[in-house]
Amino acid sequence: MPRTKGDHEARRRDVSAAVWQVMATRGFAGLTLRAVAAELGATTGLLTHYFPTKRALVEYALDLLEQRTLARPRRSTGPGLAALRDALLDILPLSPEATDSNRVWVASWDTALADPAIGADHARKYAEGRARLAERVAAAQVLGELPPGDPDRIAAGTQAFALGLVVQSLLDPARFPPERQTELLDDHLAGLTIRRA
């Protein structure tokens, strides 16, 4: 019997789930056709239909991560400084799903450093994230919640703070549980509100 488009889409969803599970448990270093095939209960030959090369598998995995990140619910408690705080909380590994996403993302850095095209794509995503943060910083400045200053510079420092907190939380979750992460973020934001002479 010929396969239908629905069969193909269902199989693709199964492959996506297997790729995600391998990344979440083994990181990018463990992302191989053999590992995905084992997770799927299939042969590597079946997977080469979807991913003819390891690079195709990696690119797909990064696309999958981006889709999952964009589909995650976002906080929205208000404009200005509240919106900036919401955006930063959405970055942190405060839930099991966010922890898995961050684990996969951090594990992908090695691949991004070794592959110029993937590295450029990572840099683009970070730049887009900084631009979104800068918009929220500027809005908080208009509302008088943050002192004047270069929104791009403040956004870059804030993004760097959040990413550093992500890494520490992944490496030492007992010392940086969600409540502690939130406290540290709030301390950081409180420091931004101080008017410099």
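This is a predicted model: local features need pLDDT of at least 70, side-chain atom pairs count only at pLDDT 80 or more; totals for chains, interfaces and linings use all residues.
Running over residues 151–171, helix 9 has 21 residues and reaches 30 Å from its first C-alpha to its last, close to the 30 Å expected at 1.5 Å a residue. Its buried residues are Ala155, Thr158, Gln159, Ala162, Leu165, Val166, Ser169 and Leu170. Looking down the axis of helix 9, these buried residues sit within an arc of 130 degrees, so they line one face of the helix. On the face of helix 9 turned away from the buried side are the exposed residues Arg153 and Leu171. As for partners, the buried residues of helix 9 pack against helix 5 (81–91), helix 6, helix 8 and helix 10.

Helix 6, one of those partners, covers residues 96–107. It has twelve residues and spans 16 Å from first C-alpha to last, close to the 16 Å expected at 1.5 Å a residue. Here the buried set is Ala98, Ser101, Asn102, Val104 and Trp105. Seen down the axis of helix 6, they fall within an arc of 160 degrees, so this helix too has its buried residues lining one face.

Turning to helix 10 (residues 178–193), Gln181 lies in this helix. Despite its polar side chain, Gln181 is buried, with a relative accessible area of 1%. Leaving aside residues up to four places away in sequence, Gln181 touches Leu92, Pro93, Leu94, Leu165, Ser169 and Phe176; Leu165 and Ser169 are among the buried residues of helix 9. Leu192 also lies in helix 10. Leu192 and Arg12 are 180 residues apart in sequence and 46 Å apart in space, C-alpha to C-alpha.

Elsewhere, helix 4 (residues 54–71) meets helix 8 (residues 116–142), their axes coming within 12 Å and crossing at roughly 10 degrees. The crossing angle is under 35 degrees, and helix 4 and helix 8 are therefore roughly parallel to each other. Helix 4 brings Arg55, Val58, Leu62 and Glu66 to the contact, while helix 8 supplies Ala117, Ile118, His122, Arg124 and Lys125. By type, the residues of this contact divide into four nonpolar, one polar and four charged.

Notes:
Residues are numbered from 1 along each chain as its sequence is written. Side-chain values use heavy atoms; hydrogens and water are left out. Helices (H or I, at least four residues) and strands (E, at least two) are DSSP runs, numbered from the N terminus. Buried means under 20% relative accessible area, exposed over 50%, partly exposed in between (1.4 Å probe, protein chains only). Contact means heavy atoms within 4.5 Å. The expected span of a helix is 1.5 Å times one less than its number of residues. The arc is that of the directions from the helix axis to the C-beta atoms. Axes are lines fitted to C-alpha atoms, for helices over the stretch in contact, and angles run from 0 to 180 degrees between N-to-C directions. Angles under 35 degrees count as roughly parallel, over 145 as roughly antiparallel, 65 to 115 as roughly perpendicular and the rest as oblique.
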